[in-house]
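Reader: Hi! Could you walk me through this model?
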Amino acid sequence: MGFIHCIRMTFDARYRDNFLKQKKRHIMAIRHWEIMNDSFSILKQTVSPKTFFGRYDDAVSNAQKVINLYDNAPFAENAKEIYSVLVDEKVDLCNDFLCRCNDIDGLGVVKAYVDEHPCCLPKESMAFFENLLKLTEENDDLEYFFCSVVFDSEKSYYYLSDIDNIKIGDNVLVPVGVENEPKIATVVKTEKFKISNAPYPIRKLKYIINVV
């Protein structure tokens, strides 16, 4: 009886140890899966080069860890899909990131990062990036007419204008909000800027409708 009892205790201890190892392994895999998904989601939205490339590396490494821990688990299949996108479509991901930065006139920040990390972009994306920079430089000779306007408060907002002879003190009709509702505002400042020194991304600005 004592011998059987000892065998049972040994078996129970091994079962417990194996169970704890499997539980720990499962918890680690879930954590890596969460980091992978969060990183993948963020890199597809960010316009910060440091965040984009950092999250890309996080997504790749954590996808690999999930696959290594649980090769056949359901969430490992998801990790394989994301890993495949990260590796096979890296050029597309990088080009989409560069386009987002270009839309907010943020290529200068990317250039500074790329100068410090020359290997961060794939060869194809580097060529795409250089073309974007060239187009930006060609357009930088253009000057844009900025108007600072106020509504009922002292806070001012930038609008662009292609209307001649707008001056400080003029009341103007401007589009406001997502629905571009026309509202009257007062011009408090006028300035001219190029893309390179504009105080606000030109592509995100709206135009004054007319003078009232």
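This is a predicted model: local features need pLDDT of at least 70, side-chain atom pairs count only at pLDDT 80 or more; totals for chains, interfaces and linings use all residues.

Reader: Thanks! How many helices and strands does the protein chain have?
Author: The chain has six helices and five strands, taken from DSSP runs (helices H or I, at least four residues; strands E, at least two) and numbered from the N terminus. Along the sequence the pattern is α-α-α-α-α-α-β-β-β-β-β.

Reader: And which residues of the largest nonpolar core touch the most other members?
Author: Leu-43, Phe-53, Leu-86, Leu-121 and Phe-129, out of 33 residues in that core. Helix 2 gives the largest share of this core, nine residues. Such a core joins buried Ala, Val, Leu, Ile, Met, Phe, Trp, Tyr and Cys residues through side-chain atoms within 4.5 Å; buried means under 20% relative accessible area, exposed over 50%, partly exposed in between (1.4 Å probe, protein chains only).

Reader: Switching topic: how many salt bridges are in the whole structure?
Author: Five, each a side-chain nitrogen of Lys or Arg within 4 Å of a carboxyl oxygen of Asp or Glu. One of them joins Lys-111 and Asp-115, with the closest N and O atoms 3.2 Å apart.

Reader: Where do Lys-111 and Asp-115 sit?
Author: Both are in helix 5, and because they are four residues apart, about one helical turn separates them. Lys-111 is partly exposed at 37%, and Asp-115 is exposed at 52%.

Key: Residues are numbered from 1 along each chain as its sequence is written. Side-chain values use heavy atoms; hydrogens and water are left out.
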